Amino acid sequence: MSSEKKKFFIIQVILILVSLFIMVAFGVEEKRIFFIFKYEKYTTQFFASVAFIVASIYMLLLTYWYNNEDNSFRWRLSLELLFISGTLSVLFSLILYRILTPILMMDPTLKLLTSAGAHAGLVEEAGKLLAVLALPTVRRFIRDGRTGLYAATLCALGFAFIENISYFTRFESVLYTRFNPGHAVFSSIWGYALGRLYAGEIRLSDFAKYMALGMLLHASWNYLASLHQLAFWILYILVSVYGLVYIKRRLSESPRTAAAN
C-alpha cells in the first residue's frame, strides 16, 4: 500500500474514533444498549448507530479497493472530496430543492412522486455532480472511469455523512434503511461514466444516460422505501450486493484497463 493511501487510512480511523467519542460523550442521553447503540422509544436509534459504522466501513473499503498503479491517489485530494465536495453537494442540493420542489408540486403525478421523496434522485445526484465539477483539483484528478468513480463515490459518502448528522439527535426521523451503500452506488454509476467522458471514451449523450440511470435508481429507492416495502427490499438487496461488487471491480481496474473500456 502506498504512503498516500496509508496516510488517508490513518486520517479516516482518527476521524471515525473522534466521531465515536463525540457521539458517546455529547450525544443525546438515551437508554444505552451498548456503546453508541441506544434505544428508548424509537427502534431507529439503533439503526442510526449502525448507519455511522457501516458508512465508515464503506469509506475505508473505497480507499483499499482503489488501484494506485499510477500513483494518482492523494490523501489531501481525498479529504477535499469527502469534506469540501461533500459539503458543496449538500448545499447545491438544498438550492435545487428550493428551486425544483415548488415546480414539481404543480403536477399531480410529480406531486405524488415528490411527496414520496422520489425527487431526491434528480436533486441530490445533480447536486453531487455539481460539487465534483466545482473544484479544479478534482477535475484535474479525473482522467478515466476509475478516478471518476472514486471522486463521485467519495463525494457521495461525504454527502451521506453530512446529511445524517442531524439524525443522531432526531432519532424518530431516521429511516432504518439508511445503513446501506445507497448513495455510494447511485453516484458510482454516473461517476464511472464521467471519468470515461473525460477520457474521450464516450459521448456527452452517453454520459447523460448513465446520469439518468443513477437518478432513476435513487428515485426508485426513495419511492419504494416510502410506499412499497416488499419491492424496496428486493431493490435493497440488489443494490447492496451488486453495487458493491461493481464499485470494487471498477476501482480495481488498472489505468490501462480503464482506458481500454
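Predicted model: local features only at pLDDT ≥ 70, side-chain atom pairs only at ≥ 80, totals over all residues.
Residues are numbered from 1 along each chain as its sequence is written, and side-chain values use heavy atoms, with hydrogens and water left out.

**Cavity**
- The largest cavity has a volume of about 50 Å³, a volume being the space filled by probe spheres set on the grid points, which are joined across faces, edges and corners.
- Its lining, meaning residues with an atom within 4 Å of a point, consists of Tyr58, Leu61, Leu62, Trp65, Thr153, Leu157, Ala184, Leu244 and Ile247.

**Aromatic rings**
- The structure holds 14 aromatic pairs, counted where ring centres of Phe, Tyr and Trp (its six-membered ring) lie within 6.5 Å.
- One aromatic cluster is formed by Phe8, Tyr66, Phe73, Phe141 and Tyr150.
- The charged end of lysine 128 sits over the ring of phenylalanine 159, 5.3 Å from its centre, the criterion being NZ of Lys or CZ of Arg within 6 Å of the ring centre and within 35 degrees of the ring normal.

**Confidence**
- The mean pLDDT of the chain (the predictor's confidence in each residue, from 0 to 100) is 82, and 78% of its residues reach 70 or more.

Notes: Phe/Tyr/Trp six-rings, centres within 6.5 Å; stacked < 30°, edge-to-face > 60°. 1 Å grid on protein atoms, 1.4 Å probe; cavity = no way out; pocket = protein on both sides within 12 Å on 5 of 7 lines; lining within 4 Å.
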